[in-house]
Amino acid sequence: MEEEAFAQIVSAVNQLVSWVAAGAMVFGGVVPYIPQYRDIRRTQSAEGFSTYVCLVLLVANILRILFRFGRYFETLLLWQSIIMIATMLVMLNLCTSVRMATELNTKRRSFLATDIKEEEVRIPKRLFLDFDWSYFWSWSRFLDYLQCVVAFTLVSAYVTYVLLDSAVFVESLGFLAVFTEAMLGTPQLYCNHQNKSTEGMSIKMVLMWTSGDTFKTVYFLLTQAPVQFWTCGLLQVIVDFAILFQVYYYSRYPHKPASHTVSHTTSAKAL
């Protein structure tokens with residue numbers, strides 16, 4: 001009787017651990033963006049967040065979803081991609097509205113300084129359908145970003161449908177999806193190296209990404225996910241630890257900043 005009760009307890013604990021792990025996999029990647037979203041809302045400034053973060057993660061997760069049509073993987077990973085896409089769209093919407101409001105306020109101040117009526121204030125619109133590459137991913141409306149994402153998804157889906165029977169294409173698609181995401185930390189790594197400093201970078205965010213990427217990679221290994229997932233996960237962890245090493249090294253051995261040093265922009269991981 002006691003053995004049966006113990007077995008039930010063990011089974012319940014295992015089920016609970018499984019649910020927690022599943023929840024961490026699905027929502028863990030979104031957590032670092034919550035404080036970023038709140039900071040942008042509070043300060044009404046998106047200068048500390050690069051919208052190219054959203055571009056890279058949107059591309060990576062759209063390609064990962066398409067990869068599932070050629071090579072099955074866990075439904076949890078599918079939901080992870082869907083939720084990440086939704087999160088990046090929310091971030092884009094906020095950043096676009098904040099940026100346009102900032103530009104409008106700047107224009108107003110400029111016009112008022114020259115005694116011109118506020119009604120005449122106009123901001124030139126940059127639209128996706130203008131196909132002006134000089135303004136790529138710097139459009140004036142969230143709708144333009146949405147149009148770009150939909151266009152990319154449709155074209156990628158069509159190519160995937162045509163080449164779905166090609167094993168080489170399917171495996172390459174899966175590798176491209178996870179490799180794109182794995183390279184998210186490299187811009188910050190390079191930026192730190194160029195500036196010989198990690199000033200202005202959120203160490204808390206790096207630690208959150210390191211713990212999340214480590215958990216994700218272990219999960220891929222334990223669940224025997226496709227090889228592309230765990231190899232790129234390992235690469236992602238290596239990049240994270242390299243950034244942490246930079247934090248230690250440049251704080252221990254600070255270098256004199258160059259006179260032309262530009263303030264740190266947020267990396268592809270919103271550090």
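**Ground rules.** I worked on a predicted model, where local features need pLDDT of at least 70, side-chain atom pairs count only at pLDDT 80 or more, and totals for chains, interfaces and linings use all residues. I number residues from 1 along each chain as its sequence is written, and side-chain values use heavy atoms, with hydrogens and water left out.

**Count.** I looked for salt bridges, meaning a side-chain nitrogen of Lys or Arg within 4 Å of a carboxyl oxygen of Asp or Glu. The count by this rule is four.

**D39 and R42.** I found a salt bridge between these side chains, with 3.3 Å from N to O. Both residues sit in helix α2 (residues 33–43), three residues apart, about one turn of the helix. Helices here are DSSP runs of H or I, at least four residues long, numbered from the N terminus. I then looked up accessibility: buried is under 20% relative accessible area, exposed is over 50%, and partly exposed is in between, with a 1.4 Å probe and protein chains only. D39 is partly exposed because its relative accessibility is 36%. R42, at 63%, counts as exposed.

**E181 and R64.** I noted a salt bridge here too, with the closest N and O atoms 3.1 Å apart. This pair links distant parts of the chain, 117 residues apart: E181 belongs to helix α6 (residues 167–182) and R64 to helix α3 (residues 52–70). E181 and R64 are both buried.

**R141 and D144.** In this salt bridge the closest N and O atoms are 2.8 Å apart. Is D144 buried or exposed? D144 counts as buried because its relative accessibility is 0%. R141 has 30%, so I list R141 as partly exposed.

Notes: Helix = DSSP H or I, 4+ residues; strand = E, 2+ residues; numbered from the N terminus.
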